[in-house]
Amino acid sequence: MSGFIESEILELKEKYTDSIAKEIVSFLNANGGTLLIGVRDDGVVVGVEKIDETLRKVSDIITFQIEPNPQDEITSELRFADGKTIIALEINKGSRNLYCQKKYGFSSTGCSIRIGTSCKEMTPEQIKIRYEKNFIDTEYMLKRKSSSLDLSFRELKIYYTEKGYHVDDKSFATNLNLKTTNGSFNLLAELLSDKNNIPLIFVKFQGNNKASISERSDYGYGCLITSYEKLRNRLLAENINISDTTVRPRKDTYLFDFDSVNEAVINALVHNDWTISEPQVSMFHDRLEILSHGGLPSGMSTNQFFEGISKPRNTTLMRIFLTMGLTEHTGHGIPTIINRYGKEVFQIEDIYIRCTIPFDTQVLSQIENVGLNVGLNVGLNKTEKKVIHLLIENTAYNAEELAEKIGVTKRTIERTFVSLQEKGFLERVGSKRDGRWMVTK
């Protein structure tokens, strides 16, 4: 005889019953375990007769009766003991802080936990503590599996190399926490990979509302750092300026304070809840709106937010942005915006934060349409303007690709690079072989 004995990590069931849902939840809320169907409490193997039907019922429980969905945490298999077939459910400790039976919700009846050989109802206080942790878990991105299995990180490795870090291909993903404890790529890895399915949208509207879209650009579907640089270049190009040459030194007035907008964008990227959706930047005739999802992190008050107290939702992503020199851990971003535009530019809701940057009325009064920075293009020839436009869209274009898109020779593009460098519009980042051209104005 097999001699199975129930323990803290082993539950025996003679046959399928609906109470299996409670057993699964208990293991998820504890340290995981194994549930065997077809074995009596005394360890005697009786087997499962209607195997397909039982597997279907178990699958329905896992898919429809437990919240959050625990499919990634449970595997089922057929085993043979004493000449009979039994069903084994291997249940991992849940990656989320709290699981329940949907029909009872997050109540003591719905939330059970394995203690010894029994399933005990959790107390309201235990449930409250675990439930709140779901909203302050700064490492959810590390636990959630990527939707793509085959990811590469060529661009990210270039960024680290440019910062002077030694890149070891074998340990790179592990050192940056790009894999789950099971060895699969996680959501953070997907965000930073060369190719992914995550957009980063910039939308222009013709007026002061969303009635009519004039342009929609997507800078995502790749490494988030590269996507940010593309969006940053676009915003630089949109920041029209007017010059007063009657005074010395010349006075330049810009459509918006770029430092404030840049801080708002970085905050949106770093603090966004990426399980909901990506941030979005919208440009209207009179303002910019930067929207991020998730609201304030749990435990943070509005006053703490305005004071610049740093409590990142995505700790590891924040650390990577710090390493790249894109942000600082000083919390000065929000105060920078408030000092320039006031607290009223922030709309803080439970599920999102919107930052609205108004445009300078003096600049608006002198332009008819807010478009690509026309001041930027003064003194540039047609080829130079086209190169800038294309590099704003994609910093990875090389001379040969630009030549083909514009319809000129590669030599012409190379001369254009030199000219734009001398005029201060382009900067070479990285090596000649692996580097990129960045628009600096």
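**Cysteines, sheet and cores of the predicted model**

With a relative accessibility of 18%, C119 counts as buried, because buried means under 20% relative accessible area, exposed over 50% and partly exposed in between, with a 1.4 Å probe and protein chains only. The structure is a predicted model, in which local features need pLDDT of at least 70 and side-chain atom pairs count only at pLDDT 80 or more, while totals for chains, interfaces and linings use all residues. Residues are numbered from 1 along each chain as its sequence is written, and side-chain values use heavy atoms, with hydrogens and water left out.

Taking a disulfide as a pair of cysteine sulfur atoms within 2.5 Å, the count comes to 0 disulfides. For C119, the nearest cysteine sulfur belongs to C111 and is 13 Å away. Another cysteine, C223, is buried, with a relative accessible area of 1%.

Turning to the sheet, 6 strands form an open, mixed arrangement in the order β10-β9-β13-β14-β16-β15. Here strands (E, at least two residues) and helices (H or I, at least four) are DSSP runs numbered from the N terminus, and two strands pair if DSSP finds at least two bridges between them. Strands β10 (213–218) and β15 (346–348) stand at the edges; each has a single partner strand, so one side of each is left without a neighbour in the sheet. From one strand to the next, the twist averages 15°. Further in, β14 (residues 287–293) and β16 (residues 352–358) run antiparallel and are joined by 7 bridges, with L288 opposite I357 in β16.

Helix α9 packs on this sheet, touching β13 (280–283), β14 and β16, and its direction makes about 20° with that of β14. Contact means heavy atoms within 4.5 Å; axes are lines fitted to C-alpha atoms, for helices over the stretch in contact, and angles run from 0 to 180 degrees between N-to-C directions. Helix α12 (residues 333–341) lies across β15 and β16, at about 40° to β16. Within α9 (residues 258–271) lies H271, which counts as buried at 18% relative accessibility.

A nonpolar core is a set of buried Ala, Val, Leu, Ile, Met, Phe, Trp, Tyr and Cys residues joined through side-chain atoms within 4.5 Å. The largest has 68 residues, and L178, W274, L288 and F346 have the most contacts inside it. Helix α9 supplies the largest share of this core, 8 residues. Apart from it lies another core, of 20 residues, including I20, V25, I51 and I74.
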